[in-house]
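Here is a short briefing on one protein chain.

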Amino acid sequence: MPNFDAVIFDWSGTLVHDPSNEERVALAFAKLGRTEPHGIDRICESLRRWETDPEVVAAQVGSDTSTSRYYAAESLHFQRAGLDQELAEVLLHADEWPESRPLYPDALATLRTLKKQGCRIQVLSDIHFDIRPLLEDQGAGEFIDDYVLSFEHGIQKPEAEIFELALARLEVAPNRALMVGDRATHDGAATESGITSLLLPRIRTPDNRNLSIVNLLVG
């Protein structure tokens, strides 16, 4: 008998690469055909400088509970950082580009093995758009039984309600579920709902994520 009946995966930084500002802006420049010398560095520096602005920080709170709140928060940040409208509009959709969100190389093998181990798989993500098509196109969709996406329910991590919803949809007890993520402040909050949690170190490169440890924990 496996140690868990279900595994709940975070999406960004856990199953798929979480790109840096430099990567996002570089891809946006490529989409727009821009070749400004030092333009990417200049824009990223401005984004970093303004990300601690009190109004920008306040707008980010709960921004993944709806698409409109996300766009409003990001647009404010881009405006304060001095981005032109064309670039800001393209960057708003950076998370939706397959090339900026590749699966980690070991993700499919891990998901496939979990299914063989008899586990249900759920993706629980603080996100402002539907990631199902991306994961389907990447070959992961066939292994995923359920999705809990924050913008569809108006709640996000670390709120207890989103973990309780995840468990209810999976129809498993808290002690029979494993949460896998990369942020102690958000994914780690699953422990408050009685869910065992595995937190992976945050990385910025699309390399193997050592996800095979999940299969070992499931047993």
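Predicted model: local features only at pLDDT ≥ 70, side-chain atom pairs only at ≥ 80, totals over all residues.

Residues are numbered from 1 along each chain as its sequence is written, and side-chain values use heavy atoms, leaving out hydrogens and water.

**Whole chain**
- The chain holds 10 helices and 5 strands. Helices (H or I, at least four residues) and strands (E, at least two) are DSSP runs, numbered from the N terminus.
- Its C-alpha trace spans about 60 × 30 × 25 Å along the principal axes.
- Of the 219 residues, 50% are buried, meaning under 20% relative accessible area with a 1.4 Å probe, protein chains only.
- Take contacts (heavy atoms within 4.5 Å) between residues at least 6 apart in sequence: 67% of them join residues at least 24 apart.

**Helix 1**
- Helix 1 covers residues 21–32, which is 12 residues. From first C-alpha to last it reaches 16 Å, close to the 16 Å expected at 1.5 Å a residue. The expected span is 1.5 Å times one less than the number of residues.
- Which residues of helix 1 are buried? They are Arg24, Val25, Ala28 and Phe29.
- These buried residues fall within an arc of 135° seen down the axis, so they line one face of helix 1. The arc is that of the directions from the helix axis to the C-beta atoms.
- An α-helix has 3.6 residues a turn, so residues three or four places apart point the same way.

**Neighbours of helix 1**
- Its buried residues pack against helix 2 (39–50) and helix 5 (85–91).
- Gly33 follows helix 1, with a positive phi near 70°.
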